[in-house]
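Please keep the model open while reading.

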Amino acid sequence: MSQSGPTAEPRVTWPSNGISEVPFRLYTDAAQYQREQERLFKGPTWNYLCLAVELAKPGDYVATTVGETAVIVVRDAAGAINAFVNRCAHRGNLLCLERAGHLKEFSCIYHGWTYDLTGQLMGVAFEHGVKRQGGMPPEFRKDEHRLLRLRTAELGGLIFGTFSDAAPELETYLGPDVTRGLLRVMNRTPVLLGRSTQVMPNNWKLYFENVKDTYHASILHLFLTTFRINRLSMPGGIYINRDGGNHYSYAKLDYAAEDADYKAAALRADSEFQLQDRSVVESVDEYGDSVSVQILTVFPGMVLQQVRNTIAVRVVRPRGVDKCELEWIHLGFDTDDEAMTERRLRQGNLIGAAGYISMEDGCVGGFVQRALQYNDEGAGLVMMGGHEAESQTFRASEAAIRGFWKHYRALLGE
Amino acid sequence: MDEVTVRLGIQELIGDYAERIDEDRLEEWPDLFTDPCRYLVISRANFAAGLRQGVMYAASRGMLLDRVFSLRRANIYEPHRYRHIVGPIRLKATEDAAAVVHSNFLAVRIMHDGATTLFASGLYLDRINTSTIPYRFSERIVVLDSEKIDTLLAIPL
């Protein structure tokens, strides 16, 4: 779909050194897409891999991707979590085809090379040949070969990985505010409620920017205002880490006043724009701090969401310059009773591919991508709330988007 | 009631369901369910793993109606419609006032500009209340073969 092949001009031109004007070619340029894979996803960034509870026992593994790169995460015999590329050191074959499973060692189906759970090469079929013919040359040493490793870190029951030795420790990378925001939501042991994947016809960055865009929410998503639900939401704010790429935004809600307001409205029988069944929004203040929405991002591709009592990790996975996949990982916690699980499931209608307040995000990126088709000169504007990427006490702002571009430009060297 | 009559009643309900959606008579869609009811759209992978969260869920006729009202009044998406093709209808079990019925479906999505794609395939797992005529779904679980959904899911499947 892009008009720019790999042989096109190698650099996208930014109109200034700032971060409030973003060239449209960043979303259409195939060479740019390649550089992002190398410098962002394989660069000094931390990427969500899986939940720690998915790796309960030694030998439990998850096969996933970081950017477009296939990766395996596994708990080894000593209980440590290892991650490495899902690629045999011999001929590059995929080692794990299933999304998740349990095994004692990794064995390549192609030529039978085996690796232990730390990724160390342990076995080479016919290493010494057959009847003393063939075999590996005498200088070949198995202990010099292993699966290419990622560093891993765990925070709040979430496992992250990085390809880079230059990436700072995870909590340093996130910064104190975003670390606090992550641990606020992930304060119990998560339980997987389900997962789904939305395939989006747009560059991955259009989705990630959308998540950081606190300006669009009440304009594009009309469900809450149409049904007069969010009338009592209180101002919130945005925290952005120093490098800019990670953020969280939040808004508070007077839960008790919302409930009273609803009961009063029901008495007026003013039904046309009222929900027939209000259980889709009936929420409890489970964190005890009145925060009803907290959207947190970890550069370059993870989102942690609390919308009322829905908790989800979302992972944006680039799949070519004009396509991406968004995986939704819906969570509850081990402390939930049946009423809480049912509450989360009913509120689950708010989010996901069919979510009342999220489905528009699935198509709006595609609309932008279509508009940019052979029409990608110039730059878009992200100057709502100023030109900087600082934390703010209001949400009608594009500061978190500017933060994304700040970190992006630094890592791309642009 | 003899089995042929039951089968005809089931076939009528399942056909009516597809017709109301495909003809954009969504306001009449919740009437095909009992109240309370259970309507769940979930991927095969989640369903097989015993996971409960899908992409759409309703536990009452009111929740089904709210889905329709939201589509009509609040949500923004490109106009499109479906064509449901419902495959063999298998009567798996009958009880005093209920029938357990499985059927296959394909849902073709036709966008406003004519772009036509196979949007979803899967299995309807139904529990049908046969105590009153016409029959009504007390439960319809839409098990999607794929866990991938192209762009968004607006109209119910």
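The sections below go from the basis of the model to the chain, the sheet and the interface.

## Basis

This is a predicted model: local features need pLDDT of at least 70, side-chain atom pairs count only at pLDDT 80 or more, and totals for chains, interfaces and linings use all residues. Residues are numbered from 1 along each chain as its sequence is written, and chains are lettered from A and ligands numbered from 1 in the order in which they are written.

## Chain A overall

Chain A has 10 helices and 19 strands. These are DSSP runs numbered from the N terminus: helices are H or I with at least four residues, strands are E with at least two. The radius of gyration of chain A is 24 Å, close to the 22 Å of the globule rule for 414 residues, so chain A is as compact as a globular protein of that length. The radius is taken over C-alpha atoms, and the rule is 2.2 Å times the number of residues to the power 0.38. Along the principal axes, the C-alpha atoms fill a box of roughly 90 × 55 × 35 Å.

Of the 414 residues in chain A, 46% are buried (20 or more other C-beta atoms within 10 Å of the residue's own, with C-beta atoms placed from the backbone). Contacts (C-beta atoms, placed from the backbone, within 7 Å) are counted here at a separation of 6 or more; residues 24 or more positions apart account for 65% of them in chain A.

## The seven-stranded sheet

In chain A, 7 strands form an open antiparallel sheet, ordered S2-S11-S10-S5-S4-S3-S6. Strands pair if DSSP finds at least two bridges between them. S2 (47–51) and S6 (100–102) of chain A are the edge strands, each pairing on one side only. Neighbouring strands are turned by 30° on average, direction ignored; the axes are lines fitted to C-alpha atoms.

Within this sheet order, S10 (149–155) and S11 (158–162) of chain A pair antiparallel over 5 bridges. Leu155(A) has Leu158(A) in S11(A) as its bridge partner.

## Where chain A meets chain B

The contact takes 32 residues from chain A and 30 from chain B. On the chain A side, S12 (190–200), H6 (223–226), H8 (338–347) and H9 (359–371) each supply at least two residues. S12(A) gives the most, with 9 residues. The chain A side divides into 16 nonpolar, 12 polar and 4 charged residues (Ala, Val, Leu, Ile, Met, Phe, Trp, Tyr, Cys and Pro are nonpolar; Asp, Glu, Lys and Arg are charged; the others, Gly among them, are polar).

Notes
Contact = placed C-beta atoms within 7 Å. Buried ≥ 20, exposed ≤ 12 C-beta atoms within 10 Å, placed from the backbone. Axes fitted to C-alpha atoms, helices over the stretch in contact; angles between N-to-C directions.
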